[in-house]
Every structure is written in structure tokens, then in C-alpha cells.
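Subject: Structure handover

Hello,

Here is the structure for your files, followed by notes on what was found in it. Please read the notes with the structure open.

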Amino acid sequence: MGSQGSGKGTQAKLLVKEYDLQHLETGGILRKIAQEDTKVGKMVDTLVNKNGEFVPWSIVREVLDEAMDAMDPKRGIIFDGTPRRIEEVHYWEEKFHEIHSKFDFIFFIRLSEEESLRRISSRRLCKDNGHSLIFGKDVHSEEDKCPTCGSVIYRREDDSPEKVMKRLAWSKEILGPVIEHYKNAGALIEIDGIGTVEEIFQEIKGYIDGVK
Ligand SMILES: [Zn+2]
């Protein structure tokens with residue numbers, strides 16, 4: 001788990017590589033569904049892209065069921081973007097009970113709201129290859145091209161300041177109880193989100209390798 005803009009997705013990808021894990025990423029799955037020309041696709045698109053809102057639990061539940069069915073339970077899985085609300089905590093508790101498994105580590109990468117807002121507002125993507133870019137570092141004008149492939153750049157619709165503010169408020173309300181839950185259970189490992197990608201990765205790796 002992570003605050004908005006904490007680099008949670010980047011860390012997840014690094015961990016997938018490092019430990020040969022399977023990647024269950026709800027945000028990515030939902031974004032894919034949003035592109036589909038179906039009733040559910042249009043609904044998710046409106047919620048996520050147009051309004052910057054969270055998708056109802058009934059849909060997320062189906063997404064998780066399907067994603068989990070596609071996983072090999074004998075191989076490790078990184079859960080990226082779930083649990084993000086208390087229903088998902090209960091969902092995973094039930095699910096893991098059935099298959100006699102559990103979360104080995106629960107990480108939360110924490111960032112202040114100001115830093116979240118600053119970071120997300122400066123995120124850009126390149127159109128052709130989805131390269132992640134940072135405004136003010138990788139590119140300096142909206143007319144700049146992707147330094148890696150020369151493609152045009154854009155800001156994800158849900159990364160506009162208004163939508164980010166909305167998501168930050170939601171996060172506090174929805175993700176807050178999840179964090180509290182794991183904190184009270186003594187299972188939460190909090191990681192300071194300030195630092196380079198490599199520094200944060202090494203810190204997480206330290207926890208994982210330390211108990212091996
Ligand atoms: Zn590119």
C-alpha cells in the first residue's frame with residue numbers, strides 16, 4: 001500500500017523482478033476494463049477517469065476473484081493497490097483462510113499530502129510506450145517529447161490537481177481504516193516515501209531478506 005504518488009507501483013515492479021513474483025495490480029486491471037466497450041467498462045471509465053472516484057466494491061470484488069483465479073497459488077504474489085478499503089481486508093482474510101495462506105509482509109509507503117499532490121501533479125506519460133516521466137525533471141514543457149522514444153507526452157486524466165485532491169480526501173477516509181487495522185494487528189511495516197526509488201527499494205528488501 002502507499003500514499004498517492006509514493007512510488008508504490010514502481011516498487012512493486014522492482015519486487016516482482018527481484019523475487020520472481022506474480023503481480024496482482026488492481027489499478028492496472030481497472031484501467032484496462034475502463035477501455036473496454038462494455039457496460040461495466042463504461043461505468044468504470046466514468047468513475048475512474050471522468051470523476052476520479054473509487055470503483056464500487058461489487059466490481060472490485062469480481063476483479064479480485066478473477067485476478068486471483070489467474071494466479072499460481074504456489075508462487076509468490078505481490079498485491080499492489082489492494083487492500084485499499086476495509087471490505088478488501090475482510091475479503092483477503094477469507095480468501096487466505098480458504099487456501100491456508102497469508103500476507104507475509106504488509107508495507108505502507110507514506111507520504112505527506114503536500115508531497116503527494118506535488119508529485120502526482122508532475123507525473124506525465126508518453127503516448128506510444130507509456131514511459132513514466134516527471135515534469136520539471138524529464139520534461140520541462142507540455143510540448144516536450146519523451147526523451148526515451150520521442151513520443152508525445154500527456155497527463156493522465158485522473159492526475160489533474162482537482163482529482164488528486166479528491167483522491168487524497170478519499171484515501172484518508174477509505175484507506176485510513178485499512179492502515180489502522182494492520183497497525184493495530186502489529187503487522188504494518190511503514191516506509192518513509194521520501195527518498196530515491198533505490199533507497200526505498202533497499203529498505204523494503206531489507207525487511208524481506210532479513211527474515212529469510
Ligand atoms: Zn516514451
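This is a predicted model: local features need pLDDT of at least 70, side-chain atom pairs count only at pLDDT 80 or more; totals for chains, interfaces and linings use all residues.

Surroundings of glutamate 25

Glutamate 25 belongs to strand E1. Apart from neighbours within four places in sequence, glutamate 25 is in contact with Arg31 and Asp80. Lysine 13 is twelve residues away from glutamate 25 in sequence, and their C-alpha atoms are 10.0 Å apart.

The zinc site

The zinc ion has four protein donors: Cys126 through SG, His131 through ND1, Cys146 through SG and Cys149 through SG. These donors lie 2.0 to 2.4 Å from the zinc ion. Along the chain, the donor residues follow the spacing C-x4-H-x14-C-x2-C. Cysteine 126 and cysteine 149 are 23 residues apart and link distant parts of the chain. Cysteine 126 sits in strand E4 (residues 123-126), while cysteine 149 sits in the loop between strand E5 (132-134) and strand E6 (153-154).

Why is the arrangement around the zinc ion tetrahedral? The four donor atoms subtend angles of 104 to 117 degrees at the zinc ion, and four donors count as tetrahedral because all of their angles lie between 85 and 135 degrees. For reference, the ideal angle for four tetrahedral donors is 109.5 degrees.

The two cysteines named above fall into separate accessibility classes. Cysteine 126 has a relative accessible area of 0% and is therefore buried, since the limit for that class is under 20%. Cysteine 149, at 33%, is partly exposed.

The second largest pocket

The volume of the second largest pocket is about 780 Å³. Its lining is made of 32 residues, of which Ile77, Ile78, Phe79, Asp104 and Phe105 are the closest to the centre.

Which elements supply at least two residues each to the lining of the second largest pocket? They are helix H1 (8-19), strand E2 (77-80), strand E3 (106-110) and helix H8 (197-210). H1 gives the most to this lining, with five residues. By residue type, the lining of the second largest pocket holds 21 nonpolar, five polar and six charged residues.

The loop between H4 and E2

Glycine 76 lies in the loop between helix H4 (57-69) and E2, and its relative accessibility of 33% makes it partly exposed. Beyond its neighbours within four places in sequence, glycine 76 is in contact with Leu21 and Gln22. Isoleucine 86 is ten residues from glycine 76 in sequence, with 23 Å between their C-alpha atoms.

Aspartate 72 is also placed in the loop between H4 and E2. Its relative accessibility is 34%, so aspartate 72 counts as partly exposed. Aspartate 72 and glutamine 22 are 50 residues apart in sequence, yet 8.1 Å separates their C-alpha atoms.

Backbone points to check

The peptide bond from threonine 82 to proline 83 is cis, with omega near -5 degrees. Proline 83 lies in the loop between E2 and helix H5 (86-98).

Aspartate 20 has a phi near 50 degrees, a positive value in a residue other than glycine. Aspartate 20 is placed in the loop between H1 and strand E1 (22-25), and at 53% relative accessibility aspartate 20 counts as exposed, because that class begins over 50%.

Histidine 100 likewise has a positive phi near 50 degrees and is a residue other than glycine. Histidine 100 is in the loop between H5 and E3, and with a relative accessible area of 74% histidine 100 is exposed.

One more histidine

Histidine 97 is part of helix H5. Histidine 97 is exposed, at a relative accessible area of 63%. Along the chain, histidine 97 and glutamine 22 are 75 residues apart, and their C-alpha atoms are separated by 20 Å.

Regards

How values were computed
Residues are numbered from 1 along each chain as its sequence is written. Side-chain values use heavy atoms; hydrogens and water are left out. Donors are N, O and S atoms within 2.8 Å of the metal (3.2 Å for Na, K and Ca); water is not among the atoms, so sites may look incomplete. Four donors count as tetrahedral if all angles lie between 85 and 135 degrees; four count as square planar and six as octahedral if opposite donors are over 155 degrees apart and all others between 65 and 115; anything else is irregular. Helices (H or I, at least four residues) and strands (E, at least two) are DSSP runs, numbered from the N terminus. Buried means under 20% relative accessible area, exposed over 50%, partly exposed in between (1.4 Å probe, protein chains only). On a 1 Å grid over the protein atoms alone, a cavity is a set of points where a 1.4 Å probe fits but cannot get out, and a pocket is an open set with protein on both sides within 12 Å along at least five of seven lines; lining residues have an atom within 4 Å of a point. Grid points are joined across faces, edges and corners, and a volume is the space filled by probe spheres set on the points. Ala, Val, Leu, Ile, Met, Phe, Trp, Tyr, Cys and Pro count as nonpolar, Asp, Glu, Lys and Arg as charged, and the others, Gly among them, as polar. Contact means heavy atoms within 4.5 Å.
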